[in-house]
Amino acid sequence: SLFDGLIGIQRFYDDLYDTTLAGGYGMITVIASNTLESYGIVPQTLADYSQDIFKKLTKKNILTDIILANGVHLMEHLVRSSDMEQLISLPAGNAAINLYIAWQAVYIVIFDAIPFGIKIDSHIVANMMHFLVEKLEIE
């Protein structure tokens with residue numbers, strides 16, 4: 001599935017929420033770019049698009065494993081975080097990219113001039129992504 005523009009990305013996050021609940025999976029994994037360059041001059045944050053789905057997931061006892069790809073110009077190292085406020089305050093512009101693994105689906109959103117997101121609804125891809133996350137070297 002493809003999502004684009006403000007309304008499309010809001011639907012992207014609604015779909016992520018619905019898929020997570022429907023799967024009965026107790027956790028989603030988020031890998032989010034967090035580079036100094038992605039902050040730029042764009043005032044939007046992830047919360048502007050995701051609304052309150054991460055808070056709603058928390059209320060449903062769904063854990064969010066947050067992995068931040070930090071750096072100056074490029075993503076240089078990975079840091080695990082449990083700070084939901086840090087997640088939703090991440091920039092949503094200047095080509096920031098977030099990847100979500102939810103049950104048997106993988107979601108990718110790129111916040112470019114016109115933000116767009118892709119849902120890959122495949123247990124094969126999701127299983128491969130779960131495996132790769134387990135093997136990452138995270139600080």
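In this predicted model, strand 6 is joined to strand 7 (residues 116-120) by 5 bridges, and the two strands run antiparallel. They form a hairpin with 4 residues between them. Within this pairing, V106 has I120 of strand 7 as its bridge partner. Strand 6 also pairs with strand 5: 7 bridges join these two strands, again in an antiparallel arrangement. Strand 6 is mostly covered, with 5 of its 7 residues buried.

The chain as a whole contains 6 helices and 7 strands. Their order along the sequence is β-α-β-α-α-α-β-β-α-β-β-β-α. The radius of gyration is 14 Å, close to the 14 Å that the globule rule gives for 139 residues, so the chain is as compact as a globular protein of that length. Along the principal axes, the C-alpha atoms fill a box of roughly 40 × 35 × 25 Å. Buried residues make up 46% of the 139 residues of the chain. Of the contacts with a separation of 6 or more, 70% are between residues 24 or more positions apart.

The largest nonpolar core has 29 residues, of which Y13, F54, L87, Y100 and F111 touch the most other members. The elements that give two or more residues to this core are helix 1 (5-23), helix 3 (46-50), helix 4 (53-59) and helix 5 (84-88), together with strand 2 (27-35), strand 3 (63-71), strand 5 (96-102) and strand 6 (105-111). Helix 1 supplies the largest share, 5 residues. A second, separate core of 10 residues includes I67, A69, V106 and V133. F111, a member of the largest core, is in contact with I9, Y13, L46, Y49, A92, G93, N94, A95, A96 and N98 when its neighbours within four places in sequence are left aside.

Helix 1 also holds D14. This residue is partly exposed, with a relative accessible area of 32%. Apart from neighbours within four places in sequence, D14 is in contact with Q51 and I53. The C-alpha atoms of D14 and I101 are separated by 14 Å, while the two residues lie 87 residues apart along the chain.

Helix 6 (residues 123-135) has 13 residues, which should span 18 Å at 1.5 Å a residue; the C-alpha atoms at its ends are 18 Å apart, in agreement with that value. Its buried residues are A126, M129, H130 and V133. An α-helix has 3.6 residues a turn, so residues three or four places apart point the same way. The elements covering the buried residues of helix 6 include strand 2, strand 3, strand 4 (77-81), strand 5 and strand 6. The exposed residues I124 and K135 are carried on the face of helix 6 turned away from its buried side. V133, one of the buried residues of helix 6, is also among the residues of the second core.

Technical notes. Residues numbered from 1 in each chain as written. Predicted model: local features only at pLDDT ≥ 70, side-chain atom pairs only at ≥ 80, totals over all residues. Heavy atoms only, no water. Core = buried A, V, L, I, M, F, W, Y, C linked by side-chain atoms within 4.5 Å. Buried < 20%, exposed > 50% of the residue type's maximum accessible area, 1.4 Å probe, protein only. Contact = heavy atoms within 4.5 Å. Expected span 1.5 Å × (residues − 1). Pairing = 2+ DSSP bridges. Rg over C-alpha atoms; globule rule 2.2 N^0.38 Å.
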